[in-house]
Amino acid sequence: MDEMERNEVEQDIKNENEQSAGSSEQNFEFITETIKEKPINKRRMLLKAVFTCILALVFGVIACFTFVSLYPIFNEWLHPVDNTKVVTLEQYEEEIVPEENASGAPYNDTSDSENKVSEISDMNKDGDILTDDAANNNEGNGNEDSGAEKDIQDDNTGNTEDQDRTESGDKTADTPRPEIIKQVVETVEKDLELGDYTKLYQQIGEVAQEARRAMVTVTGVSSDKDWFMNVYENRHTCAGLIVAENGMEMLILTRTSVIDSSDHITVTFCNGEKYDAIMKKSDPNIDMSIIAINLDKLSDDTKEACKLAELGSTKSPYIDGMPVIAIGDPLGVSDSTAMGQITSHTSVKDMTDTNASLLTTDIYGSSNASGVIINMSGRVLGVITQDGASADAKNLIRGYAISDLKDKLEKLSNGQEIAYLGIVGKDVPQEATEEFGVPQGAYVRQVVIDSPAMEAGIQNGDVIVKLGTTDITSFSDYKDTMLKCQPEDLMMVTVKRLGRDEYVELSYEITLGKLSK
């Protein structure tokens, strides 16, 4: 093959290659596509939005209905509500006004706010007994059926003076009180006979019998095993006092040491019926607890047989010499009764963050006595305690003055804890202020070991002058303010401490503890 032919062949091959390349480019351009966005379907989107809103509305309605239906159940389960009403203990303020007898010496006159019975005895020149009795006032209507007049014979002049002696009724109209002593006695001159003496004690017995309706017998039962693994029961008993009802429970005051370690507590009412009780709150200061019985468990007979105790007043300075009755277990025997008179009310027992006056009597009883001291109107004046009695007076009945316990019993009855700072104190005498410049307040005699007061730095000899924003001028102010506090309260305690030349003021921020169990 010559050169010319070879060139033609090469040219043909070149032309074929060019045609193949052009064909490939045309094929690639043929399969190329342009992607366009899909148009929005507004109608479909609107339908979806409406459907979503309907579903949300239906779900919300179902959720609301479920919440409303189940909320009371879960709320009661998670946060049980105490439907009991606040307990308040009614205290009858009885005014005791001193009168003068023929010799000019004052004597004590006990008065009943519903049935006024006053008896005054004196001797005339001839040795005859003159007895003046005040008639009962009828408070049911606007007129007085009988006046209470006292005739006093004057040996020198023979003149007669009339005094109308009236007294207001009970503080609360909703507290019915049966008439225990109802009599109208005219002034007579006669010698007392054996029948009069017997009748007097019968009337005293009636007062005690009526007051016993508010008394119960509390038994603490605990189980134990002997060396041979035989199970036996320990039983300890003491008297209890029905102090209040809160609409759901009957609340009873009793001694803590009797029931503290018991497996269960049994209460026997005056009609002999027995019921189980539970401990509510207690105060180790006074060795007293409030126990509760569900009212629904009590029979109608028991509800009619028992009654709430009526609390008297022990604030009068003329209470010494008042005739009183001890009921409950004063002689070591259940439902025993003893009579005597109050010999003193000025003795004070100092306790942690508080104190209480003690009523002492001349009644000889058991060294382990329990129960209450009542006046001749059947009202409670004291709760018997023999703790701390001296060796030569351990058998003489004494008790905490009820006026000093009322606020504390209300707090325990309402299931509240008692706040605890941890000091033993007293009032600052006026003489100490005038002579030595000791500031008025609550004088710290002792700081309880490991108490919030000790941990904060309060010392013996400090004078507490302020709790929070409340000024403290006496120990009474201190204990009243502490009763209003709650455990875990953050309290700013201001004290004055003796420095080198004068008292300086210091403040401590203290978190209060808990005293009651």
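Trainee: Why does Asp407 count as partly exposed?
Mentor: Keep in mind that this is a predicted model. Asp407 counts as partly exposed because its relative accessibility is 42%, and that falls between the 20% and 50% cut-offs.

Trainee: Where does Asp407 lie?
Mentor: In helix H6, which covers residues 406-413.

Trainee: Switching topic, what order do the strands of the closed barrel run in?
Mentor: S14-S15-S16-S19-S18-S17, six strands with antiparallel pairing. From one strand to the next, the twist averages 45 degrees.

Trainee: How many bridges join S18 and S19?
Mentor: Three, in the antiparallel sense, between residues 380-384 and 396-401. Gly382 stands opposite Ala401 in S19.

Trainee: And which strands does helix H3 lie across?
Mentor: S14, S15 and S17, and H3 runs at about 45 degrees to S14.

Trainee: OK, holes. How many cavities of 30 Å³ or more does a search find?
Mentor: Two in the whole structure.

Trainee: Which strand gives the largest share of the largest cavity's lining?
Mentor: S9, with four residues. S10, S17 and S18 each supply at least two. Of the 18 lining residues, those nearest the centre include Met288 and Val383.

Trainee: What about the second largest cavity, which classes of residue line it?
Mentor: Nine nonpolar, one polar and two charged. Among them are Lys307, Glu310 and Gly378.

How values were computed: Residues numbered from 1 in each chain as written. Predicted model: local features only at pLDDT ≥ 70, side-chain atom pairs only at ≥ 80, totals over all residues. Heavy atoms only, no water. Pairing = 2+ DSSP bridges. Axes fitted to C-alpha atoms, helices over the stretch in contact; angles between N-to-C directions. Contact = heavy atoms within 4.5 Å. Buried < 20%, exposed > 50% of the residue type's maximum accessible area, 1.4 Å probe, protein only. 1 Å grid on protein atoms, 1.4 Å probe; cavity = no way out; pocket = protein on both sides within 12 Å on 5 of 7 lines; lining within 4 Å. Points joined across faces, edges and corners; volume = space filled by probe spheres on them. Nonpolar A, V, L, I, M, F, W, Y, C, P; charged D, E, K, R; others polar.
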